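Hi,

Here's the structure I said I'd pass along.

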Amino acid sequence: MRYLLTFKIVIDVLRAYKVRTALAVTGVLLGTFAVILVTSLTASLEKKVREEIDKFGENTLTVVAGKVRRRASAQVIYQSTSLKPSDLRDIRDEVSGVKTAEAFTMRTALVTYSGTTISTSATGVTPDGFRLKNLVIENGGMFTDADNRNMARICVIGSEVKTKLFGNTDPVGKTILIYRVPFIVTGVLEPMGTDLTGASLDDVLVMPLNTHMKRITNVDYVDGIMVQMFRYEDEAQVIAGTQNVLRRNHKITEGKEDDFDIISPSDMMEMRTEVLNIVSFLGNITAAVSYLIGGLGIFSIMLLIVGQRRQEVGIRRAVGARRRDIMRQFLGESAFIGLSGGFLGGAFGFLVCYAVFATGKLPFAFSSSGGVAAFVSSLLIGVVAGAYPASLAAKVKPVDALKS
């Protein structure tokens with residue numbers, strides 16, 4: 001009963017000071033909104049990164065010929081011709097923790113159909129490499145091991161290539177020219193979106209590896225090797241073993257730089273984690289500043305209220321209210337302001353997150369830990385900011401209050 005009465009008094013008082021209460025609530029609202037938005041956006045981006053990494057194959061690292069140099073805007077691969085099919089065999093046979101490994105080649109190619117010519121990425125893989133890359137046929141079929149051995153002039157095209165060359169026409173069975181070499185389209189890939197750099201994964205053409213090496217590029221080396229591990233935990237062991245095999249095969253002596261690079265899921269996650277950390281850091285600073293402003297708002301308003309309600313406090317004390325009742329009332333008012341800001345900020349943050357995810361085509365991810373932290377912070381801000389004013393109110397003596 002006593003707590004219910006205190007709650008009723010709290011509501012009546014806050015109604016009497018609507019504008020000041022709204023200002024204090026707004027400060028806490030902004031802090032909660034910032035926490036919800038930052039934590040949920042970070043969780044969504046992390047989920048997006050994991051999805052993008054999975055597009056390159058589960059538990060898969062990539063060995064590329066040459067060295068990858070990081071630059072401010074992108075990554076540049078300095079090409080090398082030292083990665084041979086024999087390296088693929090040795091990685092399969094000698095490196096512990098390797099489930100399977102497949103080579104690939106990749107070049108930009110000019111593709112022509114019915115007078116329309118486009119530039120796209122032409123990739124050569126084996127049928128197993130096709131599956132390892134998580135490529136899925138939407139229409140038609142893929143090539144076989146026999147097609148690879150016989151260097152068949154067939155290919156599978158991405159959805160973007162299909163749209164550019166064929167529009168709404170079914171391309172399966174049609175003949176296209178790749179550098180004037182006729183190829184039959186056997187299938188169309190399911191749309192895959194973009195990779196971690198924002199490049200389209202649908203603007204691609206895939207053919208048998210041997211066909212690409214002999215009929216298109218006429219080379220005896222490969223551009224990269226996809227290495228699938230049994231477990232993600234084997235990553236360090238597989239990287240070390242692969243590096244040892246390739247340095248031996250390429251006769252790289254101690255102290256000399258590798259003529260290849262190994263790109264692991266951890267590397268790709270680390271690149272995006274740097275950005276996520278910056279976003280999270282700036283967002284947390286914004287939330288802290290907003291909470292500070294909200295806390296100062298609650299503190300100043302509660303101090304003002306205490307000064308204006310000295311007679312009310314004196315009368316309540318004179319009719320039997322205890323110090324802890326007065327303390328509870330004023331703490332309740334400040335805590336209610338904090339919780340109100342937390343609730344409104346949480347609702348607003350959820351709606352904004354939903355809009356951002358839908359607009360940016362990001363996976364929906366609401367951080368429960370961020371939500372809990374925001375509400376706890378809101379309550380703490382209210383209690384801490386109201387503690388001193390509440391203690392001042394509790395110390396008011398009835399005689400002094402009634403004289404003022």
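**Salt bridges, confidence and a surface patch**

Lys164 and Glu160 sit 4 residues apart in helix 6 (residues 159–166), which means about one helical turn separates them. Their side chains meet in a salt bridge, at 3.4 Å from N to O. Lys164 is partly exposed at 38% relative accessibility, and Glu160 is partly exposed too, with a relative accessible area of 26%.

Before going further, keep in mind that this is a predicted model. The protein chain averages a pLDDT of 80, and 79% of the residues score at least 70. Strand 7 (residues 154–157) has the highest confidence, at 96, while strand 3 (residues 75–78) has the lowest, at a mean of 47. Over residues 71–78 pLDDT stays under 50, and for that stretch the model has 17 contacts beyond four places in sequence.

Arg248 is partly exposed, with a relative accessible area of 45%, and Glu94 counts as partly exposed at 41%. Asp90 comes into it as well: Asp90, Glu94 and Arg248 are linked in a network of salt bridges.

Arg231 and Asp234 make another salt bridge through their side chains, at 3.0 Å from N to O. Here Arg231 is partly exposed, with a relative accessible area of 46%, whereas Asp234 is buried at 9%.

What about disulfides, how many does a search of the whole structure find? The count is 0. As for individual cysteines, Cys155 is buried at 0% relative accessibility, and Cys353 is buried at 2%.

Last, the surface. Ile278, Phe281, Leu282, Ile285, Val289 and Ile293 form a nonpolar patch there, with about 590 Å² of accessible area together. Ile293 belongs to helix 9 (residues 265–308). Is Ile293 buried or exposed? Its relative accessibility is 54%, and the cut-off for exposed is over 50%, so Ile293 counts as exposed.

Cheers

Technical notes. Residues are numbered from 1 along each chain as its sequence is written. Side-chain values use heavy atoms; hydrogens and water are left out. A disulfide is a pair of cysteine sulfur atoms within 2.5 Å. Buried means under 20% relative accessible area, exposed over 50%, partly exposed in between (1.4 Å probe, protein chains only). Patches are made of residues with over 30% relative accessible area and no salt bridge: like charges are joined within 9 Å, nonpolar side chains (Val, Leu, Ile, Met, Phe, Trp, Tyr) within 5 Å. Accessible areas come from the Shrake-Rupley method with a 1.4 Å probe; for residues, only the protein chains shown count as cover. A salt bridge is a side-chain nitrogen of Lys or Arg within 4 Å of a carboxyl oxygen of Asp or Glu. Helices (H or I, at least four residues) and strands (E, at least two) are DSSP runs, numbered from the N terminus. pLDDT is the predictor's confidence in each residue, from 0 to 100. Contact means heavy atoms within 4.5 Å.
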